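Hi everyone, thanks for coming. Have a look at it first, and then we'll start from the inside.

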Amino acid sequence: MTYHLITFGCQMNYSDSERIDSVFENMNIKSAEKNKADILIFNLCSVRQRAVDKVWGMLKNIKTQKHRKHPSASLGTGKSTENTKIKKIIIILTGCILPADKDKLKDKVDLILDIKNLVSWPNIIRDYFFTNYKLRITNYEPFKSYFSITPKHSSPFTAYIPIMTGCDNFCSYCAVPYTRGKEYSRPAEEILKEVNKLCVQGYREIILLGQNVNSYQSFMSFPPPIVVEGRLQRESPGTSNCLFAGIPACAVMTKDDVVNFPILLKLIDSIPGNYWLSFLTSHPKDMSEELINCFKECKHLMPYLHLPLQSGSDKTLKAMNRKYTAEQYVKLIHKIRKRFVNNSYIAISTDIIVGFPGETKKDFEATAALMKKIKFDMAYLAEYSPRPGTAAAKLKDNVSSAEKIKRKNYLNEILKKTALENNQKLVGQTISILAESIKDNFAFGRTNMMKNVRIKLDTKSTESIKTQKILIGQFVKIKIIKAGPWGLEGEMVKK
Ligand code: SF4
């Protein structure tokens, strides 16, 4: 039996999918191409209407299909059924789904499974196949908890590590508090173990994930664990061994056992290895002084921050329940950038929603003015769409679709200019990038500011291409020779 997984939404959903892959492999159900799979899984995101519409369209197109063989043949049940049967593909729906979207899609799918309850999936799927097809799925290992499932990382050098889930902020437009529930922070020790393991395996990039990482808070018994020969161990405080990879662990953690996000970052940063560390996503109201200081104190932390602005109008921010003003946001960016002097630089990206209910031309102009002032490196611009059940869905969606597109395009033009200006400052610099892929004689990678880079490869000899291919997943020194708004061009620096 085989499955195919289709994922929509943010990195959290992609990270969930890496654990879904592990669950299916554990049941000995193998991944397959979409048109060859017995089970289709949609990991949906209700945050944007577009994803829901796309899944709706795909589900309408999936009709009863002829299977190549009945699943029982591949399960080794002894009943080989070489005769082709007319059988429905089994469709599973999961993800960050609003109740209204579940209602809309439920008749088109066979199972709706709660991602928070991933540990129970093997039993549910086993019962489903036995009840409906008399198929036995056996010999799978039970999981203790969601986080005890070792994800099947889709990249051998970049790993997304969920550190918390859910959100208590209830921004009026957002589906997350209804789909993911209340904030839950993963125990720090579990996160440290996972990161340490990945560093030992040679991972080059660790990205901590959560809807609002900077409100992370967990508890850990004091003293924190230390790394001894690549393993986490506990030592008593005050001894000369009370070091976390060279940093006094006692200095990182206070005596009370609360681990907030800056402490977690410092503990992770103390894990030895050649890797970059970053995090997604932060709420401006939770960007503490202590966290801002981490950009200078943590050697692995990338000079990159994604800080959603959403709107430059105080009236709209209030209606969005964002709990900060435009001025506070600007001051915050100023404070963060002040930590980067003498040729050092932090790239800042953001999210902006255009056409929120009641957004007037004046409100929109305030957003445009703020974008010009802040000069973002990147911005993810979205047209507002009401999410059923949220507070904003009760407001009149009174900005026309054409006007939303116009506003989005206008902001995109501002972004194009500021991103280009920022990228041009990097021309001539020699920097390290993480090489990610090679295609058509070009290598592609990212800087530690999350900027895409394209490098023309030397194709003169077969040997040189071979040598360059080895660099995938490694840090490579390049010189930036050209800048565009959406990326950079570089050349390899000869050793
Ligand atoms: S902070 Fe706001 S936008 Fe972000 S997940 Fe929570 S409710 Fe949604």
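Let's begin with a lining: around the largest cavity there are ten nonpolar residues, one polar and no charged ones. For these classes, Ala, Val, Leu, Ile, Met, Phe, Trp, Tyr, Cys and Pro count as nonpolar, Asp, Glu, Lys and Arg as charged, and the others, Gly among them, as polar.

Before going on, a word on the source: this is a predicted model, where local features need pLDDT of at least 70 and side-chain atom pairs count only at pLDDT 80 or more, while totals for chains, interfaces and linings use all residues. Residues are numbered from 1 along each chain as its sequence is written, and side-chain values use heavy atoms, with hydrogens and water left out.

Back to the cavity, which has a volume of about 60 Å³. Of the eleven residues lining it, Ala 435, Ala 443, Leu 471, Val 476 and Met 492 are the closest to its centre. A cavity here is a set of points on a 1 Å grid over the protein atoms alone where a 1.4 Å probe fits but cannot get out, and lining residues have an atom within 4 Å of a point. Grid points are joined across faces, edges and corners, and the volume is the space filled by probe spheres set on the points.

Which strand gives the most to that lining? Strand β22, residues 430-439, with three residues. Strands are DSSP runs of E, at least two residues, and helices are runs of H or I, at least four, numbered from the N terminus.

Strand β22 also belongs to a closed barrel of five strands, β22-β23-β24-β26-β25, with mixed pairing; two strands pair if DSSP finds at least two bridges between them. In one of them, Arg 454 has Glu 489 in β26 as its partner.

Last, two backbone details. Most residues other than glycine have a negative phi, and most peptide bonds are trans. Leu 280 and Thr 281, however, are joined by a cis peptide bond, with omega about -10°, and Thr 281 is in the loop between β18 and α10. Lys 134 has a positive phi, near 55°, and its place is in the loop between α5 (121-133) and β8 (158-162).

Technical notes
1 Å grid on protein atoms, 1.4 Å probe; cavity = no way out; pocket = protein on both sides within 12 Å on 5 of 7 lines; lining within 4 Å.
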